[in-house]
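Student: Could you take me closely through one part of this model, the surroundings of the ligand, and then connect that part to the rest of the chain?

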Amino acid sequence: MNSTAEIVSPIERDVSLPDGRHLTLRLVRSDDENDLFDLYDQLDDDDRHRRFFCAYRPREPFFHGLANRAHGDARLVVALTTASGSRLIAEASYCHLLNGNGELAMVVARRWRGWIGPWLLDALVDLAAVNGVPNLEADVLAENSAMIGTLRARGSVILDHDGYSVLRLMIGTAGPTATWSPGTQPHVPVETPGGRWSHHDDARALGLAVVACPGPSPQHPCPMLNGHRCPLVEDADAIVVRCPPGDAQWTELLAAHRIARNADVVVDDPHADATHVLATVTAIARRHANRRCGPHRRRTDPTQPAPHDTTETRS
Ligand SMILES: CC(C)(COP(=O)(O)OP(=O)(O)OC[C@H]1O[C@@H](n2cnc3c(N)ncnc32)[C@H](O)[C@@H]1OP(=O)(O)O)[C@@H](O)C(=O)NCCC(=O)NCCS
């Protein structure tokens, strides 16, 4: 993303409701500051907790920041116009992250929930894509089913989780799947029901970039099962599939990954020895990453020899 560039916005959408009211989806303007205050002022404690992870009541500087975005950041609002005037009923934004992705946040006024959230997110995803932002990331409370559902319908993957309270989720903007962020760590996508892999932290501590995919859902079927590309699999260095025994769809998913990347697929049986699984995945991933990135790639694990020190980890 060019963070110094002005945001390009082909996004401006008008919807006439059957009762004569009118919705306009557009980029935020500096004169939205008071309306943004009113939108947040209506949030109850649960909503504040989901948006801020506490009962925070932001003050004027927060709304000044929302209405006057920084270069490279983008914010969309939905304005409702009635015979008596106009007000904001939703906002969604991304802020520039150092890895080129955007940090996502959004709020929809309670009485408008049901379809505005997914509609607004679609527009924000389009806006991010045309501005060269490849993925949107968000910390989401595990109890926030509406946000998790909204992102899950767009193929979200789990970047991180702290056990069971907060998930770091990511969606792609240019296709149905997220993509790898720049970096030299070996790429390891993990297919596991629900998307929480018990070895996630251990694998990261070994220097692997791990992205966990919860598998197919009715709202978001896996592209691999429909003969489509998955950039996370294509650019993987090793792939882990934790396949529930006897599940036909997951057996099919495993087969699709093996057809695509046979030797790079490690099956993680729930009863398998964790140390062995991690050692196997790490060895495959490091060997593959050395080929993919070349001998000059940066060392990612200080406990391991640099690629130019030894041929042990090279193919
Ligand atoms: C998160 C939010 C923006 C989603 O917008 P929305 O208009 O409510 O979206 P929806 O009502 O369409 O819900 C999205 C999905 O979650 C599901 N969902 C909604 N509430 C749910 C609940 N309590 N339990 C389970 N699923 C739920 C919906 O069925 C929908 O899934 P579908 O697309 O498969 O039908 C909105 O709920 C909100 O503003 N919440 C408060 C602030 C917040 O949490 N922001 C996100 C911080 S990261």
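Tutor: **The shell around the ligand**

Around the ligand there are 23 residues, of which Arg-50, Arg-113, Gly-117, Ser-145 and Gly-149 come nearest; a residue is counted as near if its C-beta atom, placed from the backbone, lies within 6 Å of the molecule. This is a predicted model, in which local features need pLDDT of at least 70 and side-chain atom pairs count only at pLDDT 80 or more, while totals for chains, interfaces and linings use all residues. Residues are numbered from 1 along each chain as its sequence is written.

At least two residues of the shell come from each of helix 2 (45–52), strand 5 (102–108), helix 4 (116–130), strand 6 (135–141) and helix 5 (145–152), and helix 5 gives the most, with five residues. Helices (H or I, at least four residues) and strands (E, at least two) are DSSP runs, numbered from the N terminus. By residue class, the shell divides into twelve nonpolar, seven polar and four charged residues, where Ala, Val, Leu, Ile, Met, Phe, Trp, Tyr, Cys and Pro count as nonpolar, Asp, Glu, Lys and Arg as charged, and the others, Gly among them, as polar.

Not counting residues up to four places away in sequence, Leu-120 touches Leu-25, Leu-76, Val-78, Ala-90, Ala-92 and Met-106, contact being defined by C-beta atoms, placed from the backbone, within 7 Å. Across the chain, among contacts between residues at least 6 apart in sequence, 64% join residues at least 24 apart, and the chain has nine helices and twelve strands.

Key:
Contact = placed C-beta atoms within 7 Å.
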